[in-house]
Every structure is written in C-alpha cells, then in structure tokens.
Amino acid sequence: MLLLSSGGVFAQKTEGVVHYEYQINWIKMMKKLPFLTQEEKDRMENTWKNDPDPKQKMNLYFNEKETLYTWGQDQQEYEDENWKSRNRELIIHRNFETEKRTDMLEILGKTYLVQDSLKHIEWKVMNQIKEVAGYICMKAVAEDKVKGQKITAWFTGDIPISGGPEQVYGLPGMILELDADDGTVMAIATSVEFKEVDKELTLPKLKGKKVNNQEFDAVISKYINDSIKMQRNPYWAIRY
Amino acid sequence: MKKAITITRAMVCLFLLTCGAAFAQNPARISVKGIVIDSSNTTLPSATIMLLTPKDSALVSYGRTETDGQFEIKGVKRGTYLLKISYMGYLPYQQEFTPSEGAVTDLGKIQLKPIMKELYEVVVRTAKAPLSIKGDTVEYNAASFKVPPGSTVEDLLRKLPGMSVDQDGNIKAQGQDVKRVTVDGKQFFGGDTKMATKNLSAEAIKKVQVFNDKTEQAKATGIDDGKKEKTMNLELKDEFKKGGFGKVTAGIGDKERMEVKGNYNKFDQKNQFSLIGLGNNTNQVGMGFDDFQDFRGSQSFNWNDNADFGFGGGGRYFYFGGDEGDEDLSIPIGGGRGQGLTDSYAAGLNYNYDTKKNKLSSSYYFNGKNQILDALSSRQNFLNNNASFNTTNNDYTRNQSYNHRVSFRLEKMVDSLNTFTFVGNGKLSKGNTRYDGLQQFFTGNSELSNQTTINNRTGFSSSAAALTGIYRHKFKKKGRIFAASGGYNFTNSDGDATQVSLNEFYKITSTNDLLRNINQFNSTLSNRNQLKASLLYVEPFGKKFSSETFYNFSTRNSIVDRNVKNNESNLQIDSLTRYFENTISYNRVGTSLRYNYKGINISAGVAGQQFSLRGNFTQPKKPETIVDQKYFAWLANLQGSLDLKNNRYMWFGYEPNVSEPSIKDLQPVVDNSNPLYIREGNPDLLPQVDHNFNVGGNYYNPGSFMSIYFGMNYNYHVNQIIYNQNIDSKTFKTTTKPMNITGGDNVGTYFGLGFPLKKTKATMNLNGNINASKNLTYINDVLNNTNNLSYYAGLRLDLTPSDKFTFYGNANFGITNTKYSINTAQNQTIYNHRFGAEMNVKFPKDFYFNSRINYNVFINERFGFNQRQPIWNASVYKQIGKSKKTEIRLTANDILNRNLNISQFANQNYYSESRTETLARYFMLSFTYNMRGVKDQMRRSGGGW
C-alpha cells in the first residue's frame, strides 16, 4: 500500500485554466428525437457511423472567485479536414463571490446576454471515482429540467473551485468531465494549467439581447417544444 | 492555508439565516465537526467534506479540512446525513450519522484508507474505468484492458488486479471463489461460471463487476442467511447487442398490376449485411432513397472518393450513386416513375465491415427492365423567311435490358497519417430494342411531303469497370497534406442492329429519288480505356492562409469498329463502314491561394490546361484521315464564402469549364445512316469554354423558424459547339455540322422564403426564379437567335394543426417566352402551372386516409394547345397490432384516368410536343410487414435532424 500523493497535492492551486474537448455525438442526439421511428434511427446510425464527430477545444479560466468558459481556439479547425469555421459568441462567466452569471451566447440566430443570479444545481454525489486529466474525480449527477437532460459530472476535490464547463458548477471541486444524456454531449478535460489568468477572466465588451434566467429558460424550452412539434431537431440551434 | 473552506451559495444562505439562531442555542441548526487522519494517524489537510442526504445522496453542504485536519460544517438543518470525505490517494469515506444532542455534533477522528496502488494504477489510470465504491467494499468496473484479439474473458480476467484464474478456469476475486457469473445481469448457461468466461470474447465486454451478493439459497427462500458470495457480472458492449430489421411489401391490383419489394438488414457495430429485392409493373424504377441507405449502410455516401483533385481540393466531396445511365456504374436510386409502361425487377446484396482502421464493403446488384413506349409526337421546325415544316412521329418502342453490378471498396488507415482507399466498380449489361415508327413530314401548308417507315432491331452487350486508388498523407505539420491517385476505366461494348426503313418522297420529280429503301445490318464493336492520375499538395501558411497545388493527367483511348452490310445483297456498304481510333490526353496544373479565417473563406487560383486529340479514321477504299489537335487554355478560378453572425451565409464564385469537342464531332466523315438527317464532322472545332459566375446568400433564424435564400448565376459561352442546320426546302433533308460560336449566354436569379404563419401549425414557403437564355444557331446559313425568358413562382402551404389531420398545398406558376430572330411569327409563350393538394386524416382504430391531387396546366396559345390534367391518387390504410408492424393499404391511382405523359419543348428552331401512353387508372391492394413497425404518412418527413 502506498500513498499516491504527488508533491503538489498539499499546495492548493486555485488559479489557472482547464482545457476541454467538447464533442457532440449526433447519432445519440438524433436518437432522442421522439418523432423518428426506430427504423429511421437505425438507418441513420448505419449510414453515418463512420463519420467522426468533430471535437471543439474549450477553455475554462478560473480563480477562487470566478470562472470564465469560452473557446480554446480563435476558430474551429477540424482534425481531418481543411474545414474551418467561425466561432459563435460564447462566454459563460460565473462569479461565485457575487453569485452572478453572465452568459453571452449566439444561439437561435441571435446573441443572448443572460445576466442574473446563479441558479442552484441540485447535485447528487455518487459512489464512483475515476481519473480525468490526471485527477481523481468523483461522480455527481443532476438533471437539467429546461433541456430535459441527464447530467453526469466528474469533479475533483484537488482543485477546490466550484466551477465547471458549459452550464455546470456548484460541486466541492472542479468539474473535469461533463456528460449530458449518456455521452450525447461530452466535455472532457485534457489538461489543467496553473497560471495567472486575470486577463483572461476579464469580461470583454458585452452585447446581445439582455434576458434574465427565467426569460432565457423560457426561450429554450419553447424552442425545444416547438421544434419537436414541427418534427425538427432542436439541438443544433441551441448549445446542447 | 486558512482559506481552504469554500462555501456555496446554498450554504451561505443557510449560514446567514441561522447565524443568530445558533447563538440562541436553537437545536434546529447544527454544526458537524471532526478530524480526518490517515492510517498512520497523520492529519489530512484540504480533504473534501460533503454532507449528503442518505435517501438520494443529494449534496446539502460541503467544506474542507484545515491544515490540522479539522473540519466544521456549520448551520445545517438537524437531521440524518451521509458524511462523505474524499482525499487524493484514498478511498472515499462514507458514514451515516444522526446528530447528537446540542448544537455541535463531533464525529471525532475519521480514518481514511489508501487506495491499493495496484488497483488505482491499473483500473483508474490504465483502463480509465470508473471505480465504484460502496461503503467499505470496492466494486470495480473494469474495461478496455488490452488483450490480444481473439482473447476470451478468462484472458481478460487474468489481467485484472485482485483477480486470479487457475488452470481449470476457476476464478478468485480478492482471494475468494467467484460462485456465480452473470452476463448483463442474467445467468449464462445454467450457472456454470466457466461457460461464460471461457466462451465469450473479451472484445465483447464493456465492464466486469465483482460484488458480494446474497446466496442463491437466500434468493430462493427469501430468507437472508447473512452469507454473501462473490458474484461476477459481465456487461456486454452496446455494439455487441446485434440488430436486424427488414420489411416486405406485396401488392396486387386490377389490370394485372403487381408489386413486391423487400429488404433485410442485419448488423452489429462492425458488420452489416443486407439484402434487397423488388419487382413491379407499376413504373417504379429503382429503389427509394431510404431503401438505398438501408442497403448500402455506411457506404451510402463516401467522402473523399473523388480522385480528380482540382480547385477546392482540400474540401470534402460527396459521392453517391446517380441516374441510370449507360455507363453509370453505381446502383440506380430514386428512379421515380418510369416512362410508358415499365416492368422492373432488381435484387442485390451488400456487406460492409467497418472498424476504425479498415472499412471494407462489397455489393452485387442486378436489375432488369422491360419497357413499352408508345409515343405520338409532333414537331414544328422553323426555317428562315418565316417558312416552317412539321413532322409527326408514331413510335412503338420495346426495350429490354439487364445489368449486373458489383462494387468493392476498401479504406485502410495505415496509421494516423496515412490512408489508402481503393474503389472498384464493374457492370455487365445486355439489352435489346425493337423500334417501329412512322415519321411523316408536312410542308408549311400541311401537305404530306415525305414519309419514312422504320423497323429497327438492335441488341447490345457491354462490360465496364472503373478502378480507383487514392493515397492520402498528412504531414506532422498541421494542415500539410499530400495526396496521389490513379485510376483505370474501361468500357467494351458490342452492338448489332438491323435497320429497315422505307423512305417515300412525294415532292420529288425524279423517279430515282422517289423511293429509297434501307435494309442493312450493322455491328459495332467499341472499346474505351482511360488512365488517370492526380496529385495534390496543400501547404498551410500560418493560421489564415494555405495553398493548394494540383496536377491532373488523363489519357483516353477509344476504338470503334463498325461494319455495315446490305441485308439483301449481303455486301459491305463501304460508305457506312468505318474503323476509328482516337486518343484524348489531358494535362492540367494549377494552384490556388486560400484565405480561411473566422468564417471568411476565399480562394483564388489559376490553372493551365492542355488537351491533345489524336485520331485516325479508316473507311474502306478511302485514304486514312488523321485528326491531330492540341489546345491550351489558362483558367482562373475564384471562390468565396462568408459565414456571418446569426446564421447568415454569403457566397460568390467564378469558374470556367472547358470541354473538349467529341471525336464524333471532329471526324471529317459524313454520316448518312439516316437519309433524312445527315451528320457531318468538323475537324477544326475548338474546345468550348463556359464562364460561370455565381453569387448568393441565405439566412436562417431558428428562433422564428424563418429562412431566406437568394442567388444569381450567369453563364457565358465562348466557342460554344452548336449544330448548324441546312434544310433542303423540298425534301426537308437536314444536314448538320458542328461549329464554334461565341455569344450565347444564360442568366438566372432565384429566391425563396419560408416562415411559419402560426408556429408548429402552419408554414408558408414562397419561391421564384427568372431565367433568360440566348441560344445561337445557323439555319440555312442565317444566324438564328433564340431568346428564352422564363418566370416561375411557387407557393407552398403546410398545415399541421393536429396529429389527426394534415394538409399540404402547393401552387406553381411558370411562363416561358420564346423569341426567334429570323422567324418572329413563331414567337410564343408557354404556360405551365402546377397545383397540388395533399390531405392526411387519422381515424380511430389506426385507420388512415391519404388523398393527393396534382393538377397540371399546359397552355401554348401559338399552337392552340391547352391541356389541363388532374391526377388524383388516394389510399386508405390500416396499421395492425399493438407494435404496428403490419399495414394493409388500398390505393387508387389516377382515379380520374387522365395520365397522358405530355411533354413540350421549344428551342432554337423547333417546337415539339409528345404524348407517351402510360399507366393510368389502377387500383391496388397491398400488404406491408415491417419488423421495426410501419410509419404513418401523416407528416412529410422534413429531414429534421
């Protein structure tokens, strides 16, 4: 029996950046659509199973008080292709001291600016551990009632920041892996760097349609409902 | 390190609320404290402390230990909690407690146990598998342990920490015998533990779970004897859960109409095997698109199979089967409705094997067709000086053809940088045609001038294959790519024809010319071979720029050996017999510079293109003719696209296309096989260059479900190859000769707009386009300029008010104005309007009704043509059973019996219309069984994924 402590364990590191890879498994996403028959789902899976889903590089800057989640590169470049695409507006800022959220999101053909208090996420902490990016993480689950998603987060107590990628936070440590709906969307940390990130944490000039939590949730849930009724996939136009 | 306690909002709230209360000794709020140590009594600082509800593990509050290992969580509601402590290198600790009397509950010293290094390293780090911990015992789920392919579960277990398998296959976990092995929670073959572990493939396993379970006896009796035995569960990978689906439809109708089709598909993650078959005499040619996807699976679409690199060579190409052409090697899909009366039958099988590194696919497809085409057509031909003549045709055609197609494709990823793709397609065809026709020529004042009776019989057999190999190499430097391809295509065909025709000329004074009979037999052997090679090199310059340089080479050799003899005298007809051989070679080198950054993608390039055409023609008793032409052209290329904010896209481009003249047009030989239509070649032809310009944009607002698109195309023809006509004013004998002409063009604009009238219930789509074209031809040495101007507007309304009723309506209006420069009296306007309405109703007990009317209007006032054609189809169907796997359907096609298959065409110097006898009213009763359940057709599938 040995202790598996590295030299850094006792020194708390509370400022830096987590690099994530964000990936949508669109076959799983499509399988959620209630208006497709099993035959149509099988057909799509068989047809497209060899097409890799592109990975997006994302960064989460953090210190003890706040986190800022945004793109990890200034445009999207896909591994095997010469395809590049523009980054949509995406800034997710969490201030744990003032308990404020500031989200600037280009979704539904518009840029929304969500400014409100932090919503409380009801987490359940489970009995599994695994390693993500060199950190032992515990499993926690929650439910996103607006998008109807099952959220699984793997967090590490070794980075004592209650932040996380995308829209998740509020655990006793940094969330290094996010899994929505059994692998439909994954954000997995690839590495963590400890460094000064004051500059990166500063919010840029914000623009967009100002909404609060309630209004924003209403926009999303109405869009999902309408799209399902119109037999269209709603999940492309919102950040799943 | 005093700042180690991080407090959530929830806790702050609780804390603030209860601060005052705590001092007032209110027992409703408590503090929980303790000290965390390891097995050697050393205190553990910064350990994570969590309080969860015991019922569902909901996180209530959390904190951290101080440097001295002490923790205190303040101000939580009095109640039973689950205390959970995590610390790196230690097993998460868990303890349920009920608070003691008073405001503070001291849990004292809490000792954490280290994680076994072996377990940690192997399970968590190497296998990247989550480790489950329940209380004091560890259940671990292990996956992805590297074992050689073909290993059994037993081999896998030997690799797991804390697990041992003896020579007889007995398993021990943490020193205890494993008494039971289950697969996905179920007993595997009568409870023999070795059955599963010795027989199942390690590759099929996702997780191995070992845990203590009640004994079988305790389970059976329901009395917990407290004994636990080690149980192992093997969880299978999802992909090893196999799938299969299939469906069959059979229908029978009046007028001996029948149709049968079916497919079956069996697959797992790596393999897919599918079968398809169809047969009908209801003009359904080829399989539908969905059926094609089911049949070909992962091979339905192949990116990057284009071996002819060119401008935009770094992008992706989308390749799939096209129309059924003579040389088309891919499987015909979406053939739609055949013309005339067509019997079709087809059968095929396909196998795909897909892994990350190797993708292999092969298929065989057979299809055959019997077609009856009885057509009545008329054509008005305009000469200069406002003169014209008419022809009418009565054609009876019987076609039979059979095709066998095979395909093979292998994509091998050698490593992450190198990929080989090999594609081979082949086809064997056989067919014959009987054509009997009467062609009559009338002068402008409707006098019969001459007539031709034709009775032709032709037969052919052909074989064709296309083989392509592509190698792609990615360099270590991101974005640098090299690709090379090579290809070999061949077509061999052997055709025989008996041509019998009787030509009668009524306007000829010389008795010699009055009657001309043709009775000949010809056989044509043709052979074509093509070799191709291409290279591509992509070099990135920084983040924003890259260059794409390509080279293409192709050489195509064709040999045609045609023998014509007189059927009566059995002598060779020298004037029609010929042998020719030609080689067309092609070289192109080009390069382009691309700027691609933040949604702006613009490339500009230039290429030099060289053609050489060499050919020799031999006719009996005549000297050999040789064609030797070389052409060179510089071609510029510009492409751009802008991905703007909020779903707005714009694009523009300029692209020239160069097409070489066909050898048939170049050969300096007179083809008089049709005595009324003589073709001459022109060895001086230059390649045609088309300059294409396009610009367009679109916008989509998902929030309001509104979409807009618009665009414009312009095409200018330089050295367009046109066929000049000389028409004998007495015999109407036409002689054509190809020639280059510059100045023809066409321009088109289009737009579309879609928006909901009422979200989810009613959607409106509007679209329209305007096209103008200028076509030039010489007729009897006078330049004729035909201008077509057409307008089109369409409107579509989708009503989807409920699950029980849907309506789809459309109205399309089309107007074409044709103006002739030398025969202005023939200027005309054609109106072609189409209206459609579809209704779906769902009745109780899974009965459905579908009705669809298409109403087509053709008006050509110049010829007094006014045709209104309603086609009405309706069906009633019922889905049977709870799982709705069966459907019975009664269909009435063309209830009004008005399907006449009319087509009209006006161009250059003629106007034509034709009617083909086709399938009209019939009724059909059909039965469908679908293993996956039938789908109703209430909603048009909108591709909404």
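Two strands count as paired if DSSP finds at least two bridges between them. By that rule, strand β5 (residues 81–86) of chain B and β6(B) run antiparallel and are joined by five bridges. Strands here are DSSP runs of E with at least two residues, helices are runs of H or I with at least four, and both are numbered from the N terminus.

This is a predicted model, in which local features need pLDDT of at least 70 and side-chain atom pairs count only at pLDDT 80 or more, while totals for chains, interfaces and linings use all residues. Residues are numbered from 1 along each chain as its sequence is written, chains are lettered from A and ligands numbered from 1 in the order in which they are written, and side-chain values use heavy atoms, with hydrogens and water left out.

**Two open sheets in chain B**

- Let's begin with the sheet that holds β5(B): its four strands follow the order β3-β2-β5-β6, the pairing is antiparallel, and the sheet is open.
- Its edge strands are β3 (59–64) and β6 (93–97) of chain B, each of which pairs on one side only.
- Neighbouring strands of this sheet are turned by 20 degrees against each other on average, direction ignored. Axes are lines fitted to C-alpha atoms, for helices over the stretch in contact, and angles run from 0 to 180 degrees between N-to-C directions.
- To find a bridge by eye, look at L82(B), whose partner in β6(B) is E96(B).
- Another open sheet has three strands in the order β4-β1-β7 of chain B, with mixed pairing.
- Here the edges are β4 (70–77) and β7 (104–111) of chain B, and each pairs on one side only.
- From one strand to the next, the twist averages 20 degrees.
- Strand β1 (residues 29–37) of chain B is joined to β4(B) by six bridges, and the two run antiparallel. Within β4(B), V76(B) is the residue opposite I30(B).

- Strands β41 (residues 782–799) and β42 (residues 805–820) of chain B pair in the antiparallel sense over 14 bridges.
- A hairpin of five residues connects β41(B) to β42(B).
- Across this pairing, Y792(B) faces G814(B) in β42(B).
- β42(B) is also joined by 14 bridges to strand β43 (residues 828–843) of chain B, and these two run antiparallel. There, N812(B) stands opposite R834(B) in β43(B).

**Aromatic pairs and charges over rings**

- Rings of Phe, Tyr and Trp (its six-membered ring) pair if their centres lie within 6.5 Å; planes under 30 degrees apart count as stacked, over 60 as edge-to-face and the rest as tilted.
- This rule gives 28 aromatic pairs over all chains.
- Take F62(A) and F194(A): their ring centres are 6.2 Å apart and their planes stand at 85 degrees, so the pair is edge-to-face.
- That pair links distant parts of the chain, with F62(A) in strand β2 (residues 55–62) of chain A and F194(A) in strand β13 (residues 185–194) of chain A, 132 residues apart.
- F62(A) counts as buried at 0% relative accessibility, whereas F194(A) is partly exposed at 27%. (Buried means under 20% relative accessible area, exposed over 50%, and partly exposed in between, with a 1.4 Å probe and protein chains only.)
- Y586(B), F611(B) and Y631(B) form one aromatic cluster.
- A charge sits over a ring if NZ of Lys or CZ of Arg is within 6 Å of the ring centre and within 35 degrees of the ring normal. The charged end of K544(B) does this over Y597(B), 4.6 Å from the ring centre, and that of R889(B) over Y877(B), at 4.1 Å.

**Where helices of chains A and B cross**

- Helix α2 (residues 38–48) of chain A and helix α6 (residues 289–296) of chain B have axes that come within 9 Å and cross at roughly 55 degrees.
- That makes α2(A) oblique to α6(B): angles under 35 degrees count as roughly parallel, over 145 as roughly antiparallel, 65 to 115 as roughly perpendicular and the rest as oblique.
- α6(B) is mostly covered, with six of its eight residues buried, among them F292(B) and F295(B).
- After α6(B) comes G297(B), whose phi is positive, near 55 degrees.
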